[in-house]
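Let's walk through this structure together, one region at a time. Please keep the sequence and the 3D view side by side as we go.

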Amino acid sequence: MLSRVTATLALVATACFTVADEGGSGALTPSHGIAMHGELKYPEGFSHFDYVNPEAPKGGELKLSVVANGFDSFNPFVIRGISAVGVNAYVYDSLLDASADEPFSEYGLIAETVEVPDDRSFVVFNLNKDARFQDGAPITAEDVEFSYRILTTEGHPFYRNYYADVEKVTIENSHRIRFDFAQTNNRELALILGQMPVLPKHFWADRDFSSSGLTTPVGSGPYRIDSYDAGRSVTYERVDDYWAADLGVRKGRYNFDKISYEYYNDDTVALEAFKAGNFDFRLETSAKNWATAYTGRQFETGSIEKKAIEHQRPTGMQGFIFNTRRAAFKDPKVREALAYGFDFQWANQNLFFGQYTRTRSFFENSELASTGLPEGRELDILEPFRDQLAPAVFNKAYTPPDTGEGASLRDNLRTALQLLTEAGYKIENGKMVHQETGKPLSFEILLFQKTFERVVLPFRNNLAKLGIDVSVRLVDSNQYIQRVRNFDFDVISQVLPQSDSPGNEQRDYWHSSNAGEAGSRNAIGVNSPVVDELIDLVIQAPDREELVYRVRALDRVLLNGHYVVPHWHLRKDRVAYWSHLKRPDTTPKNGIDLNNWWIER
């Protein structure tokens, strides 16, 4: 959730830090949690979330795999280096903890209670006096203030933007801290501050936070780093005297004594290692593997369970992402034309065994997705921008190019040729060239997974029929991450995930202030005043109903910007796991969460 670069840096530079008397102040009634809109589901003093087993036994080791080219850091909060998987999730606790069966509600963790006025102009966190770091030091308001300050000044640019609207931070006493906001229409800000990981001030006093490295961190979470083999594996051990073990947000969770990750360079090798029993659980992302590879004695005897578990979370957008900073992709007609070269129906039947559904929204699988033509309140929201938007936003329902209902690939390529002609291109000597500059239309698709070549190569071949030269480059995962961070690519395949309660993070995805901010999630380089204003409207939505209308309007504008070639989505989690792993009877709306599972031998 990001805002303009200049405003962000100014806020960070001028944010006021003060310390009040030990007595503090407090005119509001403290609450055990906070909801984005509406009421909390869980009452004060609740014993556990509904989707966990509070009697789950503790013990055993969960062995997992990671397909990547290793890691060189235990600091996930900075832009330098590649952090080991799991550090943020297991080592650090946050002020509040979100439930997985509500759109967006958070409950007390490090902060035992929270105070927010009706206008949400500030938030006060009252810390749990039992909260401890893993070295035994108590967590105080100074640690919270330090965490905010270090993340927004030396951390990943994401944090500077995420907390940009914080105007003043006041330590009211050792266990009470207040954040005042620059504006009162950002209803989400209190909740996203609740997500802030709390770092130990004393630990970082004589260390360089901004650098990456393998210094073993001290956190306050349920696990600490037990051992590691640099770049190859890391093991976390459960903290026996974890201070929050009996809180409602933790009961029945984090049940494994150890969690270990083994790094693999190749997914095929990782799959075979799983079937050989080298690790316990696998989330399958390949339709081909799901259809053909999960066979053998282990599956026949039930030693390995294979399940497709339904979820109700938004699937977001996966697609070919255009880097609009490149001259070739500045014209939306060119981007729209290229989408006609991707034949989803062919890929789904020939590559994916018919498992997927075409994605038609950036907020797919939710009530937030735009459909049909804008009407009612959504039309009212869009109307002031009519002169700045393409007519299609208002008079044509968005549908990605299709070959399934009377249209053939040949028809689609004809449409693409017409759009390219309108954009100033023509075919000369078999090549698509711009009539004014004479430059051929060519680009590179950057990949880090070799298995994805089978999707990319047919797309490339289809565009070749239009005289467009497309090259495919495969790099290792670390190089890929660095190139994407620095926007050093033409086209990539990327997932843009979404929650059921969009807010400040939309700035990071689409706001013009982040188009040039290295490391931001605006990989596309979206730079649109209309999108900027719609993002502000989403963040300022006063209630759930209005949020839905505003997000639909944003979705419609993004779709008609033709920033991506939409891929596909699945409304199930395809998982396989060895039978000693057990899971709760209830799966929350957000889908499976291994942190709620346990081992029974």
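Two strands count as paired if DSSP finds at least two bridges between them, and the elements themselves are DSSP runs numbered from the N terminus, with helices (H or I) of at least four residues and strands (E) of at least two. The model is predicted, so local features need pLDDT of at least 70 and side-chain atom pairs count only at pLDDT 80 or more, while totals for chains, interfaces and linings use all residues. Residues are numbered from 1 along each chain as its sequence is written, and side-chain values use heavy atoms, with hydrogens and water left out.

Glutamate 115 has valine 124 of E7 as its bridge partner. The two strands make a hairpin with six residues between them, and arginine 120 in that turn has a positive phi of about 50 degrees. E6 is mostly covered, with four of its five residues buried; buried here means under 20% relative accessible area, exposed means over 50%, and partly exposed lies in between (1.4 Å probe, protein chains only).

Now turn to the rings. Those of Phe, Tyr and Trp (its six-membered ring) pair if their centres lie within 6.5 Å; planes under 30 degrees apart are stacked, over 60 edge-to-face, and the rest tilted. By this rule there are 47 aromatic pairs. One of them joins phenylalanine 203 and tryptophan 204, edge-to-face at 5.2 Å centre to centre with 90 degrees between the planes. Both phenylalanine 203 and tryptophan 204 are buried. Tyrosine 294 and phenylalanine 299 form another edge-to-face pair, with 5.8 Å between centres and 80 degrees between planes, and these two residues are buried as well. Ring pairs also link a cluster made of Phe77, Tyr92, Phe125, Tyr148, Phe158, Tyr159, Tyr162, Tyr163 and Phe179.

Charges meet rings too. A charge sits over a ring if NZ of Lys or CZ of Arg is within 6 Å of the ring centre and within 35 degrees of the ring normal. The charged end of lysine 306 lies over the ring of tryptophan 290, 4.7 Å from its centre, and that of arginine 325 lies over the ring of phenylalanine 487, 3.6 Å from its centre.

Finally, look at the open space. On a 1 Å grid over the protein atoms alone, a pocket is an open set of points with protein on both sides within 12 Å along at least five of seven lines, and lining residues have an atom within 4 Å of a point. The second largest pocket holds about 550 Å³, a volume being the space filled by probe spheres set on grid points joined across faces, edges and corners. Its lining has 27 residues, with Ala390, Ala392, Asn560, Gly561 and His562 nearest the centre of the pocket. Helices H9 (332–339), H12 (392–395), H17 (529–539) and H18 (544–560) each supply at least two lining residues, and H9 gives the most, with five.

Terms used. 1 Å grid on protein atoms, 1.4 Å probe; cavity = no way out; pocket = protein on both sides within 12 Å on 5 of 7 lines; lining within 4 Å.
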